[in-house]
Amino acid sequence: MGKRFPATVVNMREIRRRVVPTLVIAASILLFSGCAAVDQNVNFLYQPTGLGRDGSGDLYLSQTARLGSGGSMTAQWIIGEIKDKDGNNTGNIVTARPPADTFLDAFTREFKAAGYNVMPVNALPAGVTKGIRLESVEIKLEEVDRLYKVETMCTVKVSLEPWRNGKSVKRLNYENTYSDTTILDRDMILLKSMQTTLQELMARVVREVTLIIEQK
């Protein structure tokens, strides 16, 4: 007669035969999913510098850059990418808000703080006394994740036309880039970079555009 094993031993062997391959598959899934690209969402609310002054009266603000705003649209706007220390893309930086709307909000807040009654419109009215038309905007973010720190770089661009007494005065182009590095607060560095970059640019815009549209 052949040697018999207790039922519990047979059951354990059967369990191992079925469970081990499943564990291997699960481990493989976890391993490869760890290498998959992961997007990072930036929910940005601009905080004005309040450095502008000497503004007064109604200021009409329009923008024609809503569909061409330096990002690409899938379910969200892609405004940058995340890289590892070797320069490989590990995910995108995305936002639910179009960059053109981010700029429009920044202009509205800053020029209100400078003393204007800002009125966003689809198009500047004929004979507008004071106006600004945003022609194009761009926001570009990059994050590099290293073992001991995170590096970021943000670049913002805007092209605009100040209007006075129904006419465009000139076309102005602005660009600003800001880089930052942190060991702590990794979750906040993208927001900080974006805020600082846009604030530095807006400080120049408000000062120079106010001088133009307030000329007598």
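The exercises below work through a predicted model of one chain, with a solution after each task.

In this predicted model, local features need pLDDT of at least 70 and side-chain atom pairs count only at pLDDT 80 or more, while totals for chains, interfaces and linings use all residues. Residues are numbered from 1 along each chain as its sequence is written, and side-chain values use heavy atoms, with hydrogens and water left out.

**Exercise 1. The chain as a whole**

Task: State how many helices and strands the chain has, and in which pattern they follow each other.

Solution: 
- Step 1. Helices (H or I, at least four residues) and strands (E, at least two) are DSSP runs, numbered from the N terminus.
- Step 2. The chain has 3 helices and 10 strands.
- Step 3. Along the sequence, the pattern reads α-β-β-β-β-β-α-β-β-β-β-β-α.
- Step 4. Of the 216 residues in the chain, 39% are buried; buried means under 20% relative accessible area, exposed over 50%, and partly exposed in between (1.4 Å probe, protein chains only).

**Exercise 2. Helix 2**

Task: Check the span of helix 2 against its number of residues, then find what its buried residues pack against.

Solution: 
- Step 1. The expected span of a helix is 1.5 Å times one less than its number of residues.
- Step 2. Helix 2 covers residues 99–113, 15 residues, so it should span 21 Å; its end C-alpha atoms are 21 Å apart, which agrees.
- Step 3. Of these 15 residues, 12 are buried, including Pro-99, Phe-103, Leu-104, Phe-107 and Phe-111.
- Step 4. The buried residues pack against strand 2 (58–63), strand 4 (77–84), strand 6 (117–120), strand 7 (130–145), strand 8 (150–164) and helix 3 (189–213). Contact means heavy atoms within 4.5 Å.
- Step 5. Just after helix 2, Gly-115 has a positive phi of about 115°.

**Exercise 3. The aromatic pairs**

Task: Classify the ring pairs that involve Phe-111.

Solution: 
- Step 1. Rings of Phe, Tyr and Trp (its six-membered ring) pair if their centres lie within 6.5 Å; planes under 30 degrees apart count as stacked, over 60 as edge-to-face and the rest as tilted.
- Step 2. This rule gives 2 aromatic pairs.
- Step 3. Phe-107 and Phe-111 are stacked, because their ring centres are 5.9 Å apart and their planes lie at 20°.
- Step 4. Both residues lie in helix 2, 4 residues apart, about one turn of the helix. An α-helix has 3.6 residues a turn, so residues three or four places apart point the same way.
- Step 5. Phe-111 and Tyr-116 form a tilted pair, 6.0 Å centre to centre with 55° between the planes.
- Step 6. Phe-107 has 0% relative accessibility and therefore counts as buried. Phe-111 is buried at 1%, and Tyr-116 is buried at 4%.
- Step 7. Phe-107, Phe-111 and Tyr-116 make up one aromatic cluster.
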